[in-house]
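Colleague: I would like to learn how to read helices in a model. Could we go through one together?

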Amino acid sequence: MVIAMKAYSVLPKSHQGRLLARIELEQSRVLARLIKTIQAVLAVILLAAGCLFFPPEYLTNMSDPFEHLSVLMLGMLSVSIVLELLRGLLMRFFSGVKPDLRFSGAYLHAGCKAYFPRREEQILNLVPILFLTLLLLLLLLTTTDVSWRWMIWIVLVVNLCFGVGYGYASMRFVQMPEDILVMNVGPTYLVYSAQTDTE
């Protein structure tokens, strides 16, 4: 049984001219500040939680601090890139349209000139975060050196903080009509619905 792709390369006539919402994760100052505040609070909570599982003194008693910190910096920088590459792959899978990867500000963002139904859009937003979280947790559980566990935990915290914006967008989509179609333009979401009244 073949499941047809539900993403559209062209916006259907039923949705044309019916923009329901424009979600700006970075260009909206109010929303960007809200997301950064949540990220900061989440980071503090998770780092404090890490102290319950891993003794903090292992952060200062590393066998090779340069190696640990180099891997940590590489891991933190790689998180956003890996997440956006995964999102780009999923965009291509669901739509057949080549995604556009570009830097917006300091971070890489995947965009695609296709329109995704709500279910597929939720997968684009949540599955990469979930996949990388599970991968890091597996690595955390199989690592015996506590100092390296701290490095992995910090990268995991960064990963979850990156997911805050996508989590916010996903919550917004749940509150919208089931027929929405979403275009990802980097950190911007254009949401169309046939139920939107046009003037």
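Colleague: At what angle do H2 and H3 pack, and how far apart are their axes?

Modeller: Bear in mind that this is a predicted model. H2 and H3 pack at an angle of about 140°, and their axes are 9 Å apart.

Colleague: Why are H2 and H3 called oblique to each other?

Modeller: Angles over 145 degrees count as roughly antiparallel, and 65 to 115 as roughly perpendicular. The angle here is about 140°, so H2 and H3 are oblique. Their crossing is right-handed.

Colleague: Which residues of H3 are buried?

Modeller: They include Leu124, Pro128, Ile129, Leu132, Leu136 and Leu140. What covers the buried residues of H3 includes helix H2, helix H4 and strand E5.

Colleague: Where is the kink in H3?

Modeller: The kink, of about 35°, lies at leucine 126, shortly before proline 128. As for length, the 25 residues of H3 should span 36 Å at 1.5 Å a residue, and the end C-alpha atoms are 36 Å apart, which agrees.

Colleague: Is glycine 88 buried or exposed?

Modeller: Glycine 88, in helix H2, counts as buried because its relative accessibility is 4%. Leaving aside residues up to four places away in sequence, glycine 88 touches Pro99 and Ala110.

Technical notes: Residues are numbered from 1 along each chain as its sequence is written. This is a predicted model: local features need pLDDT of at least 70, side-chain atom pairs count only at pLDDT 80 or more; totals for chains, interfaces and linings use all residues. Side-chain values use heavy atoms; hydrogens and water are left out. Helices (H or I, at least four residues) and strands (E, at least two) are DSSP runs, numbered from the N terminus. The expected span of a helix is 1.5 Å times one less than its number of residues. The bend at a residue is the angle between axes fitted to the seven residues ending there and the seven starting there. Buried means under 20% relative accessible area, exposed over 50%, partly exposed in between (1.4 Å probe, protein chains only). Contact means heavy atoms within 4.5 Å. Axes are lines fitted to C-alpha atoms, for helices over the stretch in contact, and angles run from 0 to 180 degrees between N-to-C directions. Angles under 35 degrees count as roughly parallel, over 145 as roughly antiparallel, 65 to 115 as roughly perpendicular and the rest as oblique. A crossing is left-handed if the near helix is turned anticlockwise from the far one by less than a right angle, and right-handed if clockwise.
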